[in-house]
Amino acid sequence: MDRSANLDTEELKMTREQYILATQQNSLPRTEHPQFYPVGIYGWRKRCLYFFVLLLLVTMIVNLAMTIWILKVMNFTVDGMGNLRVTKKGIRLDGISEFLLPLYVKEIHSRKDSPLVLQSDRNVTVNARNHMGQLTGQLTVGTEGAVFGHSVETPHIRAEPSQDLKLESPTRSLVMEAPRGVQVNAAAGDLKATCRKELHLQSTEGEIFLDADTIRLGNLPVGSFSSSSSFSSSSSSPSSSAPRQTIYELCACPNGKLYLSPAGAGSTCQSSSNICLWS
């Protein structure tokens, strides 16, 4: 009995508390117009944001258009740009190209069916340097021809058609060497060698062979021949006119100098001639 009475008391307390809570909720004031708080960007901030977004979109469109235009004008492809092609063997350049800065390459080749042309408003200079950067060779092509800074090794030198070929060293000597010989031919003209001082023709083991229909040695000095008979004849008749001498004998001095002596019945060359004594 006591236990049941306690349960009834607790139920009454719970019922009372629920009634009180329900009564308090119904007694709270209710607002007819609820308040809402705005969340976001409004006013001039919103307009500035839209302006910057629009400006960014226009800039992106202009950059994309410029990029497409540059790719179109420069002719960019997967293999290269314009006339420049990147291959497995290197770089291939077709057409006319202009280099404003120094060009450093290992080899330059043209196509098999066309020559390689280098043009310049002034001179074209090609330098060769060693691993230390020192100049070992130089080739300069200008209006007066090709100027070589050092020695030249080539199998063939020729001039343009109807043009003269001139090999000149203004301040030093000009040397042509070949292990099997140096041959100079003039098929349809003259061969002329001129020097200011001495012209040496030297063969250490062979001979100097001059083969021509006519060999002329100009400006040779003319020696005089005198004997006792001729001296007496000339002294006895000083007024007699001697015939003009037209035939001469080619003589050589012991030192190798050549001179002419009036030809006679025998040899008129004398080692004691005034030409040999004064030379």
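Is C195 buried, exposed or partly exposed? With a relative accessible area of 38%, C195 is partly exposed. Here buried means under 20% relative accessible area, exposed over 50%, and partly exposed in between (1.4 Å probe, protein chains only). C48 also counts as partly exposed, at 33%.

The model is predicted: local features need pLDDT of at least 70, side-chain atom pairs count only at pLDDT 80 or more, and totals for chains, interfaces and linings use all residues. Residues are numbered from 1 along each chain as its sequence is written, and side-chain values use heavy atoms, with hydrogens and water left out.

The protein chain has four helices and eight strands. These are DSSP runs numbered from the N terminus (helices H or I, at least four residues; strands E, at least two). Their order from the N terminus is α-α-β-β-β-β-β-β-α-β-β-α. Of the 279 residues, 5% count as buried.

Two disulfides are counted, each a pair of cysteine sulfur atoms within 2.5 Å. C251 and C269 form one, with sulfur atoms 1.8 Å apart. C251 lies in strand β7 (residues 248-252) and C269 in the loop between β8 (258-262) and α4 (274-278), so the pair ties together parts that are 18 residues apart in sequence. The link is left-handed, with -80° about the S-S bond. C251 is buried at 2% relative accessible area, whereas C269 is partly exposed at 30%.

A disulfide also joins C253 to C276, S to S 1.9 Å. C253 sits in the loop between β7 and β8, and C276 in helix α4, 23 residues apart. Both C253 and C276 are buried. This link is left-handed too, at -85°. With bonded cysteines counted along the chain, the pattern is 1-3, 2-4.
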